[in-house]
Amino acid sequence: MSTKTIAPVSDALLLPREELESLQLERLQWTVRHAFQNVPLYRAKFDAAGVAPTDIRSLADITKLPFTTKEDLRGTYPFGMFAVPMADVRRIHASSGTTGRPTVVGYTAGDLDRWADLIARSLRAAGVRPGWRVHNAYGYGLFTGGLGAHAGIERVGATVIPMSGGQTARQVQLIVDFEPDAIMCTPSYLLMIADGMVSAGVDPRSTSLKVAILGAEPWTNEMRAEIERRLGLDAVDIYGLSEVMGPGVASESVLTKDGPHVWEDHFLPETIDGATGDPMPDGGLGELVFTSLTKEASPVIRYRTRDLTRLLPGSAYPTMRRIEKITGRNDDMIILRGVNLFPTQIEELVLGIETLTPHFILELTKQGRMDALTVRIERHPDLELSVCEAAAVVLQQRIKVHIGTSVEVRLEEPGVLPRSEGKYKRVYDLR
């Protein structure tokens, strides 16, 4: 079927919910047919599940369809998930592949156009306006962040400063010299830039930055508060993943800061029980699953993101449901002596103690037959060692009380722990 059947809907944010769901169903039916007819893996999966595109008569029928996993994408490497001829693919992106083969996604000209529109929509939600300057510190290249954000910044009518990641001292210099209104990067890297400002004798609160659009890694509301306190700006969450599109699948409003709104005219969200695959009701904590509704080159059907969240009613955009801020992933969970914990739980406790810095990592080791966890955290450079040691004791106690397991907290000198210019690695498994 011709991809021209994907008609643009410019006023989707204003549609009544009933009309949005009608649009979703129309696009879901197109996507299912498109994937079945053009992607051998989906044809095989549908046949194995005993389901055909004609079985999708309502949005509820999506539960009849099989899930897609990262392993499916890796198993069809490099181009087995493409649903259009290579001659129609205008760009290729890929994940880093640090834990296996990278996942590869393709984009038609129409995909790139819609992606730019959705990033622009996300930027408007964050408060970015035409004529602003936006410092883009997401990495360019195969990672979807840099180029994806770049096109959306231009589409919204702002001026893009395509800095990319790295060269923190130069990031600071350009922010001071070019006076951007907004910055896009990972939250952990923005804190690194703030440290770079201090090292350069620049007050992080004195710059021109008004808003930071941050994503690509889980981060807590406590980290939001730390970023806003240190840099004197508004920090909002943009959500996405390369397998579904890239950044701009969902985004937060600067007016509410209560979780990213999913752009449901292009992506159909679900939450499921991660263990059983059963659907979760809205409001229940579950694993986030996405079906693309308008992707031409790389459609995905019920893709399991491994991100844990809740689906909530829309607020700033009532038609579009929100997701609760992502603070954990199924595959990030640490099981320590029978207790389940996520790195973001430690982050929340760390940032609740003013005399601690946000620079920490978690090291898992074996002590005899038992697993052990060490929180290595840099002491505050402006405080006495005794104050930092007392704060470390408080953190150890709070982890025991709030999470229910004992850990070691080890103070490190400032600058000792690794820094990241992209996604920050919190957990080091040394077992």
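This is a predicted model: local features need pLDDT of at least 70, side-chain atom pairs count only at pLDDT 80 or more; totals for chains, interfaces and linings use all residues.
## Salt bridges between separate elements

The structure contains 29 salt bridges. One of them joins the side chains of Asp72 and Lys45, with an N to O distance of 3.2 Å. Asp72 belongs to helix H3 (residues 70-75) and Lys45 to helix H2 (residues 40-49), so this pair ties together parts that lie 27 residues apart in sequence. Asp72 has a relative accessibility of 15% and therefore counts as buried, the cut-off for that class being under 20%. Lys45, with a relative accessible area of 21%, is partly exposed.

A salt bridge is also formed by Glu287 and Arg306, whose closest N and O atoms are 3.7 Å apart. Here the partners are both strand residues: Glu287 lies in strand E11 (residues 286-292) and Arg306 in strand E12 (residues 303-309), so the bridge ties together parts 19 residues apart in sequence. Glu287 is buried, at 0% relative accessibility. Arg306 is partly exposed, with a relative accessible area of 28%.

## A loop-to-loop bridge and its network

The side chains of Glu264 and Arg321 meet in a salt bridge with an N to O distance of 2.9 Å. Glu264 is located in the loop between strand E9 (261-262) and strand E10 (267-272), and Arg321 in the loop between strand E13 (311-312) and strand E14 (322-323), so the pair ties together parts that are 57 residues apart in sequence. Glu264 and Arg321 are both buried.

These two residues also belong to a network of salt bridges, in which Glu264 and Arg321 are linked with Arg17, Glu21 and Asp282.

## Glu270 and Arg302

Glu270 is placed in strand E10 and is buried, with a relative accessible area of 9%. Its side chain is joined to that of Arg302 by a polar contact of 2.9 Å. With neighbours up to four places away in sequence set aside, Glu270 is in contact with Ile62, Thr63, Glu287, Leu288, Val289, Arg302 and Leu311. Glu287, one of these contacts, is the residue that forms the salt bridge with Arg306.

Arg302 lies in the loop between E11 and E12. With a relative accessible area of 2%, Arg302 is buried.

## Backbone features

Arg302 has a positive phi of about 50°, although it is not a glycine. Arg306, in strand E12, likewise has a positive phi, near 75°, and is a residue other than glycine.

Another backbone feature concerns the peptide bond from Tyr77 to Pro78, which is cis, with omega near 0°. Pro78 is situated in the loop between H3 and strand E1 (91-94). Helix H3 is also the element that holds Asp72, the partner of Lys45.

## The surroundings of Ala235

Ala235 is found in strand E7 (residues 234-241). With a relative accessible area of 0%, Ala235 is buried. Beyond residues up to four places away in sequence, Ala235 touches Ala212, Leu214, Trp219, Arg224, Ile227, Glu228, Glu252 and Lys257.

The C-alpha atoms of Ala235 and Met184 are separated by 9.9 Å, and the two residues are 51 residues apart along the chain.

## The second largest pocket

By residue class, the lining of the second largest pocket divides into 10 nonpolar, 7 polar and 10 charged residues.

How values were computed. Residues are numbered from 1 along each chain as its sequence is written. Side-chain values use heavy atoms; hydrogens and water are left out. A salt bridge is a side-chain nitrogen of Lys or Arg within 4 Å of a carboxyl oxygen of Asp or Glu. Helices (H or I, at least four residues) and strands (E, at least two) are DSSP runs, numbered from the N terminus. Buried means under 20% relative accessible area, exposed over 50%, partly exposed in between (1.4 Å probe, protein chains only). Ala, Val, Leu, Ile, Met, Phe, Trp, Tyr, Cys and Pro count as nonpolar, Asp, Glu, Lys and Arg as charged, and the others, Gly among them, as polar. Contact means heavy atoms within 4.5 Å. A polar contact is a pair of N or O atoms within 3.5 Å; within protein, one must be able to donate a hydrogen and the other to accept it, and residues adjacent in sequence count only if both atoms are side-chain atoms.
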